Amino acid sequence: MRMVDLIEKKRNGLELTAEEIHWIITGYTNGTIPDYQMSALAMTIFYQGMTKAEMTELTMAMVESGDQIDLSSIAGIKVDKHSTGGVGDKTTLVLAPLVASVGVPVAKMSGRGLGHTGGTLDKLEAIKGFQIELSEETFIKQVNDLHIAVIGQSGELTPADKKLYALRDVTATVDSIPLIASSIMSKKIAAGSDAICLDVKVGSGAFMKDIESARSLAKAMVDIADHSGRKAAAFLTNMQEPLGFAIGNALEIKEAVATLKGHGPADLTELSLVIGSYMVYFAGHADSVEVARAMLEANIANGKAYEKFEAFVVAQHGDLAMIQNLDLLPGAAYVIAVPAPKAGYIHEIEAIALGHAAMTLGAGRQTKDDTIDYGVGVVLAKKVGDAVAVGEAVAYLHANREDVAKEIETVISGITIQAEPATKLPLIYEIID
Ligand code: URA
């Protein structure tokens, strides 16, 4: 086979075979296919698209390019969850113990945050002592005994995706639906899941700016799951504002705990119940998503969901006292109000601006090596649809320095206030399964 012929074949709108796609990915991973030819192919895919069969083969070839996590010694159907990236998105912190509390095994690999989005691992590490590195044996045993473990990535998963993603980043080929779908799905499948729930965020601050492209991405990922013998559901969710009120590591732990106890923000609670119901249903613990939802609601009301979070923290060596008394979590020296520049109604809270302010306060990393200040962040005082008076607080900055003029400006720049009442968009636009 010659790469030039395969680029030409794809350029002419023909379908690549499974053998050809596996040959390309193997060659690209081991360096026999150079970046310039792979760039040409990526650009061709950008314009020509890919069939379901091609996307599935590309996904599986990337899965096979590296280590694959074997979860077969964990009893039951393993269901994972993925979000295309949100600010203040602490859904995993709620979902994992909630779903585990009805007996569904949650064997989750999570990531760290970079830039304006936070990572689940950083949030968990706000709890003193919390261990995100477990040996494979301990990880499996913990999931079998407790039904929940959350760790950092172990082994080298999908090196082909890592290399291709870096190339796409510099060749204007990131926003190609088949390439995004196969990139995300390869990582989920390599991590060992049998079924996957995908939260696809839609909005100006999200990867997918409009419903049509979000729907195409969601359908592509569900198709890949289907073709590779796995179950999947995708949820198109609104990013008109951050999820919940809190952005920042310890602040988000507090909000997740409140949600597990039944008094969290309405949007975070609803999203956790909807995605969680599908996870329980896919895992075969309920005959329908409606029955699954009732089970989850019951476990929030009877305290079992929160108790599971406590047990999870103890199992991974976190300081339980910090969960039982949330004031012991890292905090901030100053809490500073961000005043509304005018009166009216809140129309939009741009997640990127809020995430950026939290990051510059120290809640996130600008570069991979930055250290995190777990206690700082932003807490919204208003949500979309709320009325606000001039000078009234729209948010509070939790800071460990007094000079926060820049962050106040950033938060204000991200909040749209208009005279007429705002239309609140639905939290979940569509479910594709
Ligand atoms: N996230 C991924 O993991 N891959 C992409 O291609 C885009 C977003």
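Helices (H or I, at least four residues) and strands (E, at least two) are DSSP runs, numbered from the N terminus. This is a predicted model: local features need pLDDT of at least 70, side-chain atom pairs count only at pLDDT 80 or more, and totals for chains, interfaces and linings use all residues. Residues are numbered from 1 along each chain as its sequence is written, and side-chain values use heavy atoms, without hydrogens and water.

**The ligand**

- Y165, R168, I180, S183, I184, K187 and F207 surround the ligand (a residue is near if one of its heavy atoms lies within 4 Å).
- Helix α9 gives the most to this shell, with 4 residues.
- In R168, an N or O atom of the side chain is 2.9 Å from an oxygen atom of the ligand.
- S183 places a polar side-chain atom 2.6 Å from a ligand nitrogen atom.
- K187 has a polar side-chain atom 2.6 Å from a ligand oxygen atom.

**The sheet**

- Four strands form an open sheet in the order β6-β9-β11-β7, with antiparallel pairing (two strands pair if DSSP finds at least two bridges between them).
- β6 (246-247) and β7 (334-339) stand at the edges with a single partner strand each, so one side of each has no neighbour in the sheet.
- Strands β9 (residues 377-380) and β11 (residues 393-399) run antiparallel, joined by 4 bridges.
- L380 stands opposite A395 in β11.

**A helix on the sheet**

- Helix α17 (residues 405-414) packs on the sheet and touches β7 and β11 (contact means heavy atoms within 4.5 Å).
- The direction of α17 makes about 40° with that of β7 (axes are lines fitted to C-alpha atoms, for helices over the stretch in contact, and angles run from 0 to 180 degrees between N-to-C directions).

Notes
Polar contact = N/O pair within 3.5 Å; in protein donor to acceptor, adjacent residues only side chain to side chain.
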